[in-house]
Amino acid sequence: MIEFKDVSKEYPNGTKGLKNINLTINQGEFVVIVGLSGAGKSTLLRSINRLNDVSSGTITIDGQNITTANSLKLRKMRLGIGMIFQNFNLVRRSTVLRNVLSGRVGYHSTLRTAFGLFPKKDVELALNALGRVNIVDKAYHRADQLSGGQQQRVSIARALAQEPKIILADEPVASLDPLTTEQVMDDLKRINENDGITTIVNLHFIDLARKYATRIIGLRQGEVVFDGPVEEATDEAFAEIYGRPIQSDELLGEATQ
Ligand SMILES: Nc1ncnc2c1ncn2[C@@H]1O[C@H](COP(=O)(O)OP(=O)(O)OP(=O)(O)O)[C@@H](O)[C@H]1O
């Protein structure tokens with residue numbers, strides 16, 4: 001369970017990224033965070049694994065406070081949280097398998113992993129993770145030889161290799177075409193359902209949010225202005241989140257036509 005208590009974030013230049021956020025996200029939920037550009041989606045997501053420090057309030061994960069964790073505890077807590085980025089964040093010149101194995105780095109000594117010495121069990125785990133996103137045949141290819149959708153699958157496999165309890169995905173499909181987008185979202189959803197990994201995704205396409213989420217959280221100017229099941233996320237609710245009617249370029253369906 002992830003709990004936000006009175007969380008606020010003010011950037012050094014005075015911009016308020018988050019304002020007094022109170023949220024509880026239960027294990028196994030598939031949450032999509034929506035809101036206009038600048039609403040605070042990335043700030044919220046990145047505060048969960050403390051890629052962003054918050055200014056006040058606390059975030060606890062299964063009762064453990066990550067906001068005040070020292071570096072050792074933070075490292076341990078981060079092992080349980082996989083992260084997926086818009087631009088994949090792969091080592092482009094390394095093989096796919098090596099990239100996925102990097103998800104295991106936190107479990108071993110630096111020296112061992114610096115020499116690429118991963119136990120056989122880890123290699124099996126990594127290959128299995130690649131199998132789960134249907135890309136095991138690319139294990140020995142260089143990452144930069146893959147298409148964008150395939151690279152994003154590698155990054156999902158890397159997150160899986162971490163054996164996380166939580167996956168955070170910050171605009172994971174923003175660089176992908178509509179067909180690939182659905183495939184990547186299908187992978188995330190399948191993994192969420194089969195493994196019960198809490199999945200929190202920032203998305204800007206409304207129809208995608210409705211298709212995949214079990215719960216939608218709407219942000220506006222750093223505040224939660226909507227939090228409910230997907231059935232309640234009507235066009236009117238989105239207009240309320242955005243502060244204006246929905247535009248056609250906010251629907252993936254429109255982008256494919
Ligand atoms: N490093 C920073 N320094 C100052 N202000 C920042 C910084 N990062 C984000 N902000 C500001 O904080 C607010 C929230 O930004 P954030 O990136 O979380 O929004 P977002 O909803 O993810 O937007 P986008 O969809 O464009 O990524 C915005 O006003 C943004 O300009």
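Asn20 is found in strand 2, in what is a predicted model. Asn20 has a positive phi, near 50°, although this residue is something other than glycine. From there, here's the rest of the picture, topic by topic.

**Asn20 and Asp6**

- Asn20 counts as partly exposed, because 15 other C-beta atoms lie within 10 Å, and a buried residue would need 20 or more.
- Setting aside neighbours within four places in sequence, Asn20 is in contact with Asp6 and Ser8.
- Val224 sits 204 residues away from Asn20 in sequence, yet the two C-alpha atoms are 8.8 Å apart in space.
- Asp6, one of those contacts of Asn20, has its place in strand 1, which runs over residues 2-10.
- Asp6 isn't a glycine either, and its phi is positive too, at about 50°.
- For background, most residues other than glycine have a negative phi.
- Is Asp6 buried or exposed? Asp6 is exposed, with 12 other C-beta atoms within 10 Å, and 12 or fewer is the cut-off for that label.

**Gly17**

- Gly17 also belongs to strand 2, which covers residues 16-25.
- Gly17 counts as buried, because 23 C-beta neighbours fall inside 10 Å.
- Which residues does Gly17 touch, leaving aside its neighbours within four places in sequence? Gly17 is in contact with Lys9, Tyr11, Gly40, Thr43 and Gly222.
- Ser155 is 138 residues from Gly17 along the chain, and their C-alpha atoms are separated by 27 Å.

**Around the ligand**

- Gly17 is part of the group surrounding the ligand, along with Tyr11, Asn13, Thr15, Gly35, Ser37, Gly38, Ala39, Gly40, Lys41, Ser42 and Thr43.
- Tyr11, Gly40 and Thr43 are in that group, and they're also among the contacts of Gly17.
- Which element gives the most to this shell? That would be helix 1 (residues 41-48), with three residues.
- Sorted by class, the shell has nine polar residues, two nonpolar ones and one charged one.

**Helix 5**

- Helix 5 covers residues 120-132, so its 13 residues, at 1.5 Å each, should span 18 Å; the end C-alpha atoms are 18 Å apart, which agrees.
- Leu125, Ala126, Ala129 and Leu130 are the buried residues to look for in helix 5.
- They sit on the same side of helix 5, because they cover an arc of only 135° around the axis.
- What do the buried residues of helix 5 pack against? Their partners are helix 3 (96-101) and helix 6 (148-161).
- Turn to the other side of helix 5 and you'll find Lys120, Lys121 and Glu124, which are exposed.

**Met185**

- Met185 has its place in helix 7, residues 178-195.
- Met185 is buried, because 22 other C-beta atoms lie within 10 Å, and 20 or more is what that takes.
- Apart from neighbours within four places in sequence, Met185 is in contact with Val173, Leu208 and Tyr212.
- Leu127 is 58 residues from Met185 in sequence, and the two are 21 Å apart in space, C-alpha to C-alpha.

**The whole chain**

- How many helices and strands does the chain have? The secondary structure comes to 10 helices and 10 strands.
- The chain is as compact as a globular protein of its length, because its radius of gyration is 18 Å, close to the 18 Å that the globule rule gives for 257 residues.
- Buried residues account for 38% of the 257 residues in the chain.
- Take the contacts between residues at least 6 apart in sequence: 67% of them join residues at least 24 apart.

Key: Residues are numbered from 1 along each chain as its sequence is written. This is a predicted model: local features need pLDDT of at least 70, side-chain atom pairs count only at pLDDT 80 or more; totals for chains, interfaces and linings use all residues. A residue is near a molecule or strand if its C-beta atom, placed from the backbone, lies within 6 Å of it. Helices (H or I, at least four residues) and strands (E, at least two) are DSSP runs, numbered from the N terminus. Ala, Val, Leu, Ile, Met, Phe, Trp, Tyr, Cys and Pro count as nonpolar, Asp, Glu, Lys and Arg as charged, and the others, Gly among them, as polar. The radius of gyration is taken over C-alpha atoms; the globule rule is 2.2 Å times the number of residues to the power 0.38. Two residues are in contact if their C-beta atoms, placed from the backbone, lie within 7 Å. The expected span of a helix is 1.5 Å times one less than its number of residues. The arc is that of the directions from the helix axis to the C-beta atoms.
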